[in-house]
Amino acid sequence: MSTSTACLAGEWTIHAIAQHREAMLLLVNDGQYEFDASGITDMDSAGLQLLMAAQRSIAKQGNELRLVDASSVVRDVLISYGLDATLLPVNLEEAVS
Amino acid sequence: MSQIDPSDEEILAAAREGFLDEARDMLRQFEDSLLALDDDPGDSETLNCAFRAAHTIKGTAGLFGCDRVVAFTHDVETLLEAVRSGQYQLNDEAMGLLLSSRDQMEALLGDVNSAQGDPELAAASKDLAAQLRALLGGAGHEAETASAGAPVAASQASTDGVWRVWVQFGNDALRNGLDPLSFLRYMGTQGKVRKIKVLDEHVPDLEALNAEDCHLGFEAEYETTGDRASIASVFEFAVGDCELHIDPLSGLQGADTPSELGKAVQVAAAELIAVDDALEEDLIVDAQPGDRRAAQGDRRKASKDRVPDETRFVRVRADKLDRLIDLVGELVIASSGAQLVAQQEGSSTFAEAALRIRTLVESARDGALALRMVPIGETFARFHRVVRDVSKTLGKQVDLQITGADTELDKSMVEVIADPLMHLVRNSLDHGLETTEERLAAGKPERGVIALHAYHEGGQVMIEVTDDGRGLNRDRIVKKAIERGLIRSDQVLSEHEIDQLITAPGFSTADQVTDISGRGVGMDVVKRSIESLRGQMQLASEWGRGTTTQIRLPLTLAIIDGFLTSVGGTYYVLPMEIVSECIEVPPECAANPGAGVGYFNLRGEVLPYFDVALLQKVTPSANGRRSLVVARDGNTLIGLIVDKLHGEYQTVIKPLSSLFRHLRAIAGSTILGSGDVALVVDVPALVTYAVEATRPGGTGRTPFNLTSTSTTETSS
């Protein structure tokens, strides 16, 4: 199981998302669950959806997806959808804690 | 959208097109119902139908942000609702207003693409809406409808409302360039997203994910000054790609103002009405036990009628259909070819197989052709309105009778034929039918009759427009024709020929030009458009009894049962329907082979004949016995002399290229199984020619070029 942080980069939009899925699939199957998203230059809902899918796969392995860093575009998307760095709803977390 | 890229605009335009299409259907349904109500004001089912149509138009128009249509249709709906609930009794005035409203709705729908809207149209809307409201009377009504009629304006003045917006996007949303995120951001510019929850339960894990599919959605608590429609308009690009629910959060902050509550109630009421409508369609819900049984009967009948109406049509591109028909045409030819080979080979099993294929291909062909055929009834039906309106304007009482509405003809023809027919009907209304006083004085029934009649005859479609009016005044026609220099003053014309004169260019018998049938330039235009369809138009009239205009149209694309003949190596196909009989060349023709035209005696009847060989300037085959085909066009019989008869032959008519368009005696061409080209003979044109050519002293040219110069061209 890898404990290092994998760097995510490039355009995480619908146009390139299929490639990113392939890459993510390899990383996640390798046991990767910590990611540095500061290299992502663009992101749309397809990008977010890919992270969510990765989160599900990682959860199946008993881990929790974590973004250790994120670029401003990624933050924007997460904020718009009301999510935090673990892709969980911000307000829901508040309610739980 | 803060930025609309072209694809979004395209998507919206396509969706709009669909909406307008549907709205047009609804308008037609609305009009049909109104006209039916005109005859039977007590029919509740028809009234409901009209109401539903208006309601649907309003609903879909709202979805597309066509506020002008929504506001106006609302008033129409209010009036209909009042009628439905028995508060208001339908009368002539209301009916007239409702019909004008239909036209106004159509005009508004036509104007939806302009941003500001036509100011004249807006004024007309206001005017009509005021009249509609005035019918219901009472200032209270007016105030109520005014506020509801402009929901956008009203709600913009109100305080911010809080809504629950729930959207789940469809699988293809991302691929279609619809990013949930951009909708979310746009919502942020129009109001405040107070809470957001991403709907991610459909997102699969990485293994199962097709990254380009969209599994996302969101649920938001949204604070905005807009109303439901304006929130919905945020998602108007995504209509087909998302499931949208907008609910007012009336228990929460912002919703406790009276107007907001009122709006919530209004929305709930609208939903109730919608549910109610849906129920009415499926179930029998009736408050009055008294008319329950009657209503039951009506509805059952109506729903039986209605269900197939919804499933009856599939929209298909016309060119796809044409390609299919073309292909099937080729198949027919190929299968004839196969049969020919089978015969030559003398193989009975092959012949059997070829025959089987042919039968199947023929069924396929019939099916394919039927696809393009539409009943003419739809075109006829619109004349109900015309007759109603025009007769009211002219103060005449007119009944419209329609027969043969299910007669089918080619779709492209139906479209072209509508305008000429309209002109003929208006002509009959205006010039043909007398006023009520004149009719009574002439001892005729008070109500005039205009009849539209369609039927198939001899492989052609016949459409007749008949009125029982005053008929054509031949003396006046002749006088006018001489005045206009259309004929010479010493020319002797048959009654039939005089009747046709009114279709000559620039001819009008109406001393007084009215706005109903134009300025007398009509009949020749009508005739021209009929002829552009390779059809013919004839008038028959009896003074004091009425006029009949007969339009004869070919089934252009039709594959006809033909009779194959040959003359000097060229194949000619005569439509089977016109072949009356085949006889040996009678001695009186054989006696004078060089003449080409003349008369022969058929069982005591003297008939004109002509030799196709001479007509087409080919040498008749020297050997073998020639034959005479007796062909019929309407009531006229003529003889056509040909070299050889080859028997029955089914053929696909292919139109001649534009190079040969002026050849009027040839309707088209076809390819035989052997690969030879055969010409399809346009018999009515030939008959006209034969009658003219054999007339004593006739030159083959009609006195005033009624049948166009084509008859001479064919002989040259």
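This is a predicted model: local features need pLDDT of at least 70, side-chain atom pairs count only at pLDDT 80 or more; totals for chains, interfaces and linings use all residues.
1. Sheet of chain A. Three strands form an open sheet in chain A, in the order S1-S2-S3 and with parallel pairing. Strands S1 (6–12) and S3 (66–70) of chain A stand at the edges; each has a single partner strand, so one side of each is left without a neighbour in the sheet. On average, neighbouring strands of this sheet are turned by 30° against each other, direction ignored.

2. Pairing of S1(A) and S2(A). Strand S2 of chain A covers residues 34–43 and runs parallel to S1(A), to which six bridges join it. Two pairs can be checked directly in the structure. Trp12(A) stands opposite Met43(A) of S2(A), and Glu11(A) has Asp42(A) in S2(A) as its bridge partner.

3. To get from S1(A) to S2(A), the chain passes through helix H1 of chain A, residues 17–29. This β-α-β crossover is right-handed.

4. Largest core. The largest nonpolar core has 56 residues. Within this core, Leu50(A), Ala54(A) and Tyr81(A) have the most contacts. Helix H2 of chain A, residues 45–60, gives the most to this core, namely eight residues. As background, nonpolar side chains tend to be buried together in soluble globular proteins.

5. Surroundings of Ala54(A). Which residues does Ala54(A) touch, not counting those up to four places away in sequence? In chain A they are Met24(A), Val28(A) and Leu65(A), and from chain B there is Leu206(B).

6. Another core, of 42 residues, lies apart from the largest one. Its members include Phe563(B), Leu679(B), Val683(B) and Ala685(B).

7. Chain B overall. The secondary structure of chain B comes to 23 helices and 21 strands. Of the 716 residues in chain B, 34% are buried. Among contacts in chain B with a separation of 6 or more, 67% are between residues 24 or more positions apart.

Notes
Residues are numbered from 1 along each chain as its sequence is written. Chains are lettered from A and ligands numbered from 1 in the order in which they are written. Two strands pair if DSSP finds at least two bridges between them. Helices (H or I, at least four residues) and strands (E, at least two) are DSSP runs, numbered from the N terminus. Axes are lines fitted to C-alpha atoms, for helices over the stretch in contact, and angles run from 0 to 180 degrees between N-to-C directions. A crossover is right-handed if, with the strands pointing away from the viewer, the path from the first strand over the helix to the second runs clockwise. A nonpolar core is a set of buried Ala, Val, Leu, Ile, Met, Phe, Trp, Tyr and Cys residues joined through C-beta atoms within 7 Å. A residue is buried if 20 or more other C-beta atoms lie within 10 Å of its own, exposed if 12 or fewer, and partly exposed in between; C-beta atoms are placed from the backbone. Two residues are in contact if their C-beta atoms, placed from the backbone, lie within 7 Å.
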